[in-house]
Amino acid sequence: MAEQPLILLANGDRWFTESLESVLGQGGYRVVTAAKRPHVLEQAREHRPDGIILDLGLSGRDSFSLCRALRADPGISRATPIILTTAGPALRTQQLEALRAGAWELRGEPLDTEELLLRLGAYIQGKLEVDRLGAEGLVDQPSGLYNAAGVARRAQELAALIARQGMALACAVFTPSNGATTAASDRLAMTFKSVGRMSDVIGRTGPAEFTVFAPATDATAAERLVNRIAESVARALQVKLRAGVSAATPSAPRQKPVSTNDLMERAREALT
């Protein structure tokens with residue numbers, strides 16, 4: 001019999017924690033808790049949870065710093081959904097910042113626990129599937145980036161997530177201007193891993209092709225992203241990159257997600 005998914009519940013409010021822990025338990029989840037910032041990373045590294053529910057209040061003055069630290073930790077899967085909670089309503093500016101920090105969403109109060117369980121169930125199912133497929137080869141072994149199959153899967157999940165908010169999604173494709181040997185391409189892959197944003201889906205989609213899907217990023221912001229990555233790679237490896245960009249924004253929240261395949265193909269066609 002499969003073990004129940006494990007949730008890390010990080011919140012400094014004892015009453016809230018006990019109440020939500022009970023709801024999660026009834027929903028079929030095991031729960032570990034953390035009430036202070038230093039314990040959150042410790043618990044995440046030790047238990048490697050299938051999902052994290054994190055209160056913004058634990059981050060201190062920079063509300064999203066702890067989320068960024070979790071997303072950057074190499075011991076925590078990028079497929080692990082992080083749901084942020086905050087006292088009071090969740091503002092649109094906060095929602096955008098949550099996505100940039102690597103969270104899957106931000107939930108304000110009052111918390112709808114029935115909806116939370118339904119969303120969490122969908123996210124966890126996706127994470128467990130990514131884990132299963134990862135064992136079968138969704139990761140580029142030399143770099144630790146997603147491979148082509150991994151990018152396709154994770155980009156579709158990202159598109160579905162941000163479509164509910166009516167936000168933009170951009171895709172950028174990069175290749176070296178003068179080609180690259182296998183060893184040089186491996187070094188380039190490692191550089192992409194180090195310069196990419198935590199909220200982005202970054203993968204090696206060919207021997208020397210790299211693709212980035214960036215949430216809450218329109219065409220103008222995507223150009224800035226491309227320039228930043230190209231400059232970082234040039235400084236680190238003295239390699240000049242060709243890049244192509246495409247971006248799309250659903251016309252209204254909850255519209256059908258954009259086609260990530262179409263975005264990638266348009267970015268490839270725009271390579272210059």
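Me: What volume does the largest pocket have?
Reply: About 610 Å³. A volume is the space filled by probe spheres set on grid points, joined across faces, edges and corners. The model is predicted: local features need pLDDT of at least 70, side-chain atom pairs 80 or more, while totals for chains, interfaces and linings use all residues. Residues are numbered from 1 along each chain as its sequence is written, and side-chain values use heavy atoms, without hydrogens and water.

Me: What makes it a pocket and not a cavity?
Reply: On a 1 Å grid over the protein atoms alone, a cavity is a set of points where a 1.4 Å probe fits but cannot get out. A pocket is an open set with protein on both sides within 12 Å along at least five of seven lines.

Me: Which residues line the largest pocket nearest its centre?
Reply: Ile76, Ser77, Arg78, Gly144 and Tyr146, out of 23 lining residues. Lining means an atom within 4 Å of a point.

Me: Which element gives the most to that lining?
Reply: α5, with four residues. The helix α5 spans 113–137. Helices are DSSP runs (H or I, at least four residues), numbered from the N terminus.

Me: Why is α2 called roughly parallel to α3?
Reply: Their axes, lines fitted to C-alpha atoms over the stretch in contact, cross at roughly 20 degrees. Angles run from 0 to 180 degrees between N-to-C directions, and those under 35 degrees count as roughly parallel. Therefore α2 is roughly parallel to α3.

Technical notes: Helix = DSSP H or I, 4+ residues; strand = E, 2+ residues; numbered from the N terminus. Parallel < 35°, antiparallel > 145°, perpendicular 65-115°, else oblique.
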